[in-house]
Amino acid sequence: MPIHTVRGNVDKQQLGFCHSHEHLFLAKGHPATLNPALCLDDYEKTLEELLSLRSCGGRAVVDAQPLGSGRMEAWLLQASIDADMHIIASTGFHKLIFYRDDHWIHRYSEEQLTEVFVHELTEGMYTGTDLGEPVHSIAAKAGIIKTAMDAQRMNDPNKRWFNAAAAAAIRTGAPILCHIESYDEADELVRMYMEQGVPADQIIVCHLDRKLDYPERHRRLAELGVYLEYDTIARYKYHGDEEEAELIRQMMDWGLERQVLLGLDTTRERMKSYGGSIGLDFISVSFLPLLRQYGVTENQIASMMIGNPANAFEWREAGRGV
């Protein structure tokens with residue numbers, strides 16, 4: 001089965017060196033009122049970052065910004081063309097605090113949400129959904145379903161957003177990318193999706209590496225077949241890169257090299273071209289050399305950066321887990 005990018009379907013062998021979780025563009029809007037770093041609205045600066053990544057061998061990026069919360073569909077398509085990079089866009093939803101109280105995503109039913117997600121995956125991404133309802137779309141399609149679990153959503157018995165994502169994943173075969181903020185949220189979300197029929201290898205859990213105190217909980221999820229996308233690289237408010245390298249080496253020692261993906265989860269504060277602390281080339285220039293120092297092999301690095309993304313973001317047969 002192919003991987004779905006904004007420029008069309010590509011064979012998994014064509015994806016290449018891939019950052020598995022970034023934010024390339026973020027329109028100025030409600031998310032930026034909560035955190036000014038959640039604004040990446042200069043086309044040329046983001047293009048500069050993509051070209052820098054390409055100069056290091058990068059060929060693909062997953063943009064993890066879903067509809068209605070600052071996603072810039074037309075720019076994703078144009079940047080893919082100008083940088084000659086594969087870009088995989090997201091449908092789905094982010095943390096609900098990133099949407100205004102009167103936003104349509106708060107009131108759509110499970111069935112309506114499912115249809116929106118499926119349309120974006122199979123027909124084209126909607127435009128103007130930060131302010132208006134999903135009506136007009138472009139030809140460029142999303143390739144993954146982003147979902148976000150936080151303490152608010154964990155404690156809310158209404159799980160229609162997650163149910164809609166699961167239904168869309170089963171109908172299309174698209175993978176689900178899962179924002180989480182705790183081990184318990186990760187376990188709950190994986191359990192919920194698998195019980196609804198989404199296979200483990202169609203689920204990608206993000207940000208689990210913000211905490212390093214229970215590596216066996218990483219191991220348990222990975223042994224289920226879930227992909228773990230690590231992106232707390234150079235995020236020193238959580239921990240240093242040496243601790244991150246130790247975690248990754250431990251996962252390699254456990255034989256779980258085929259379940260790990262890497263990204264930077266970029267914001268304005270992290271994009272060098274925007275005056276931030278690092279750039280999209282940081283993994284290639286700084287972090288991979290550190291992993292080598294910690295004994296991670298070239299084959300293991302190739303798995304995390306090339307082989308695993310190709311497998312994780314490849315669409316599955318529709319209805320496979322049901």
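Q: Quick one to start: is Trp75 buried, partly exposed or exposed?
A: In this predicted model, Trp75 counts as partly exposed, with a relative accessibility of 29%.

Q: And Phe25, buried or exposed?
A: Phe25 is buried, at 1% relative accessible area.

Q: How many aromatic pairs are there?
A: The count is six. One of them is Phe25 with Trp75, an edge-to-face pair with 5.3 Å centre to centre and 65 degrees between the planes.

Q: Where do Phe25 and Trp75 lie?
A: Phe25 is in the loop between β3 and α1 (30-34), while Trp75 belongs to helix α3 (residues 73-83), so their pairing ties together parts 50 residues apart in sequence.

Q: Which aromatic cluster is Tyr43 in?
A: Tyr43 forms one aromatic cluster with Phe25 and Trp75.

Q: OK, what about the rings of Trp104 and Tyr108?
A: That pair is tilted, because the planes sit at 50 degrees, with the centres 4.8 Å apart. Trp104 is buried at 2% relative accessibility, and Tyr108 is buried too, at 8%.

Q: Switching to the sheet: what's the strand order?
A: β3-β4-β5, an open sheet of three strands with parallel pairing.

Q: Which strands stand at the edges?
A: β3 (18-22) and β5 (86-88); each has a single partner strand, so one side of each has no neighbour in the sheet. On average, neighbouring strands here are turned by 20 degrees against each other, ignoring direction.

Q: How many bridges join β4 to β5?
A: Three, with β4 covering residues 60-63 and running parallel to β5. Val61, for instance, has Ile87 in β5 as its bridge partner.

Key. Residues are numbered from 1 along each chain as its sequence is written. This is a predicted model: local features need pLDDT of at least 70, side-chain atom pairs count only at pLDDT 80 or more; totals for chains, interfaces and linings use all residues. Side-chain values use heavy atoms; hydrogens and water are left out. Two strands pair if DSSP finds at least two bridges between them. Helices (H or I, at least four residues) and strands (E, at least two) are DSSP runs, numbered from the N terminus. Axes are lines fitted to C-alpha atoms, for helices over the stretch in contact, and angles run from 0 to 180 degrees between N-to-C directions. Rings of Phe, Tyr and Trp (its six-membered ring) pair if their centres lie within 6.5 Å; planes under 30 degrees apart count as stacked, over 60 as edge-to-face and the rest as tilted. Buried means under 20% relative accessible area, exposed over 50%, partly exposed in between (1.4 Å probe, protein chains only).
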